[in-house]
Amino acid sequence: MKNHSLSSRFTRLGLAVVMLFAMLGAAVAPAGQAAAAQAGGTSAPAVSALPAKEAASVTAAVYATAEFMLKNGVQSDWQAIGLAQAGYKVPVSYLKALEGKVSEAKGVFARATDYARITLAVKALGGDPANVAGYNLIEKLYNHDAITGQTLNNPVYALLALDSGSYTIPANANWTQSKLLAEILAKQNPDGGFTLTTGASDPDMTAMVLNALAGHKQEAAVNTAGQRAAAWLSKAQDKNGGYGDSSESVAQAIIGLSAFGIDPAGAEYTKGQINLVSKLMSFSAADGGFVHTAGGSSNALSTEQALEAMVAYQLFGTGGKLFDFSGTPVKNPQVSVSVTVEGPNGTLAEGSVYAGNVLKALEKTAAAKRLALVNKAGNYVTGIGGVIAGTFGGYDGWMYVVARGGAWIYPSVGMGDFALEENDRIVVYYGGDNTQVVDAVTVTPAQPQPGQDLKVQVTQKQWVWNEATFTSDPVTSPAAGIQVTIGGKTAVTDAAGVAVVAGGLPANKYNLTVTGYLKDKTPAIVRHTVPVTVASAAEDRPAFADVKSISPWALESVYTAYDRKLMNGVSEGSLLFAPKKNITRAEFAALLLRLTGNEPSVAASAGAFSDVKAGTWYYGTVNRAKELGIISGVTATTFKPDGLVTRQDMAVMMVRAFKLDAASAGAGAGKFSDEDKISDYALSAVRTVTGLGYMSGTGGAFEPSAVVTREMAAAVAVRLP
């Protein structure tokens with residue numbers, strides 16, 4: 001009891017101090033409170049002609065475009081660069097793939113632009129271009145023998161690459177920065193513009209040159225050339241504010257001007273009340289991508305250049321440049337996390353977002369769910385969704401905890417200062433000194449049978465102030481007097497934290513929910529859910545002739561999948577399950593249709609794939625799964641119905657079928673030792689299904705390319721919602 005008294009006393013004191021400082025505007029917050037203190041500061045932004053509303057739309061577009069790319073998998077070096085400079089964490093697998101590419105080529109590429117592009121990408125992702133798989137790309141670049149006499153891209157991108165970091169370039173190198181500058185300046189047309197080879201100046205090449213010159217504009221000749229190029233970009237704009245129908249030309253102009261310190265939204269670059277930035281935004285698509293020409297669909301090239309342009313414009317505000325990586329890496333890169341906002345009487349919001357700190361994660365979640373935030377002092381969130389601190393007349397307010405690696409973290413810093421890691425789960429909750437979080441939920445028996453009583457034991461955790469160490473120490477105790485709800489039944493825990501759900505439940509999958517809501521008070525415990533599967537009773541089990549071949553870990557799942565008519569036997573004679581038989585793509589598509597309650601398409605429906613023939617058992621199944629977006633072909637016209645399903649492809653199809661977003665995951669998925677082997681297109685899906693507990697690894701590995709057996713499919717099927 002002594003510890004709980006200390007907890008109460010110091011929580012009240014902490015909340016009182018925090019609210020006092022919130023009113024005074026000081027960036028101070030006690031442990032675990034939803035403070036928004038920001039570390040450090042940023043340099044004064046450049047003066048921009050872009051109105052605040054449009055600037056905010058650029059920021060929103062950066063988020064949408066970056067997350068559109070991450071959702072679809074990083075597919076190019078330019079995407080990786082844009083994402084990294086936008087503050088997002090690019091999957092480690094991408095840098096490893098780049099290193100593998102260099103190693104496979106033995107460090108030899110025909111074009112200087114290949115060396116430059118890879119150098120820029122490696123540097124942006126935190127690698128060392130002077131040692132990529134043992135090869136020095138910087139040396140390969142400055143001693144390249146085919147830079148002159150070709151397109152102007154060669155010296156331009158070589159200069160950008162050599163300027164991207166602090167590299168040692170010998171004076172006798174074939175190409176120093178001075179030699180590259182001379183080569184570039186010699187190609188300027190009389191009108192001030194540049195072109196790829198010869199002929200009339202064009203906006204793309206002129207902008208790219210301006211980007212390269214930016215790092216040397218302190219030199220008089222370079223500055224003069226740059227100013228002439230910038231003036232040409234203004235003159236070349238058409239009456240609609242762009243350069244013809246292309247979004248890419250507009251994007252390149254923004255990148256070049258921003259790097260040179262010239263505002264692309266300024267008066268010189270505004271035609272017919274449309275500036276370059278607003279013109280670029282007119283090419284944005286609803287899915288987060290950008291189109292090549294107005295009215296088109298998202299285009300990969302247009303999207304990656306648009307992201308780079310928007311990021312370049314944001315960097316213009318702080319004096320940075322898109323391809324300058326010589327400074328400190330981005331602090332707290334944005335990673336994928338899940339967020340739950342728990343109010344005093346129920347859940348206010350759940351979602352998955354990309355963020356670098358808890359405050360940004362909360363802001364994004366609140367914006368997506370249209371929840372109003374109150375954060376007037378900038379350092380303490382006092383209201384969410386109309387629930388204001390002090391609602392119950394005490395020192396109650398908004399707090400937060402983070403689940404990472406299966407354990408709770410009770411932060412000792414404010415929201416804005418807590419750096420997030422991939423797959424963190426954030427719980428922002430309204431509470432007081434009585435509110436605790438669920439530490440563990442244990443269901444007995446571990447594999448309950450239908451109709452069997454369920455014993456549920458709940459332990460809770462609270463952080464108690466330690467006067468000796470001036471820290472908050474975790475204290476675990478039984479969660480007494482809280483509600484346990486499952487399958488429409490509710491029980492209350494006793495003094496030992498135990499609740500009994502009498503009479504059990506039918507065979508099925510359930511979510512067990514723990515709550516501690518109190519009338520006119522803060523909750524006793526923060527709402528928490530865990531999945532529970534009730535398996536079939538022993539006397540009702542089918543008599544599989546090959547039961548001894550079923551792995552012990554899959555036995556209950558196989559019986560349950562059969563009982564629920566999700567999977568059948570494989571023989572018309574004796575009942576065989578064939579647990580070790582690999583499941584085909586058509587069979588797994590059929591399983592997902594059953595799980596989601598969808599019927600196959602009618603036999604007369606148009607076929608989606610040339611190798612899915614009318615008259616086969618899976619014809620309607622595959623067509624329906626394609627219509628629903630659950631499956632896709634191995635090519636544009638073929639499905640390969642008898643092909644085998646890999647574990648990573650199973651994860652992708654599950655996410656599509658159930659529209660999973662990891663919002664209700666526990667502590668999230670951990671890192672796998674073979675994560676670099678997971679394909680980019682599947683990485684997000686793997687993290688989602690493992691974070692939600694629908695799939696798991698073995699011995700720390702996920703084994704993404706391993707094929708799925710029937711017993712594996714059964715084990716996963718009975719866990720799905």
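**A loop residue and its setting**

Guide: Asp520 is found in the loop between β17 (508–515) and β18 (528–534). Strands here are DSSP runs of E with at least two residues, helices are runs of H or I with at least four, and both are numbered from the N terminus. The model is predicted, so local features need pLDDT of at least 70 and side-chain atom pairs pLDDT 80 or more, while totals for chains, interfaces and linings use all residues. Residues are numbered from 1 along each chain as its sequence is written, and side-chain values use heavy atoms, with hydrogens and water left out.

Asp520 has a positive phi of about 60 degrees, although it is not a glycine. Most residues other than glycine have a negative phi, and most peptide bonds are trans. Asp520 is also exposed, with a relative accessible area of 57%. In these terms, exposed means over 50% relative accessible area, buried means under 20%, and partly exposed lies in between, for a 1.4 Å probe and protein chains only.

Lys659 lies in the loop between α18 (647–658) and α19 (680–691), and its phi is positive, at about 55 degrees, although Lys659 is not a glycine either. Lys659 is exposed, with a relative accessible area of 67%.

Pro445 lies between β11 (437–444) and β12 (454–466), and a cis peptide bond, with omega about 0 degrees, joins Thr444 and Pro445.

At the start of α9, a side-chain oxygen of Asp202 reaches to within 3.2 Å of the backbone nitrogen of Asp204. Such a polar contact is a pair of N or O atoms within 3.5 Å, one able to donate a hydrogen and the other to accept it; residues adjacent in sequence count only if both atoms are side-chain atoms.

These parts belong to a protein with 20 helices and 18 strands. Of its 721 residues, 51% count as buried. Among contacts between residues at least 6 apart in sequence, 66% join residues at least 24 apart. Along its principal axes, the C-alpha trace spans about 90 × 75 × 50 Å.

Technical notes
Contact means heavy atoms within 4.5 Å.
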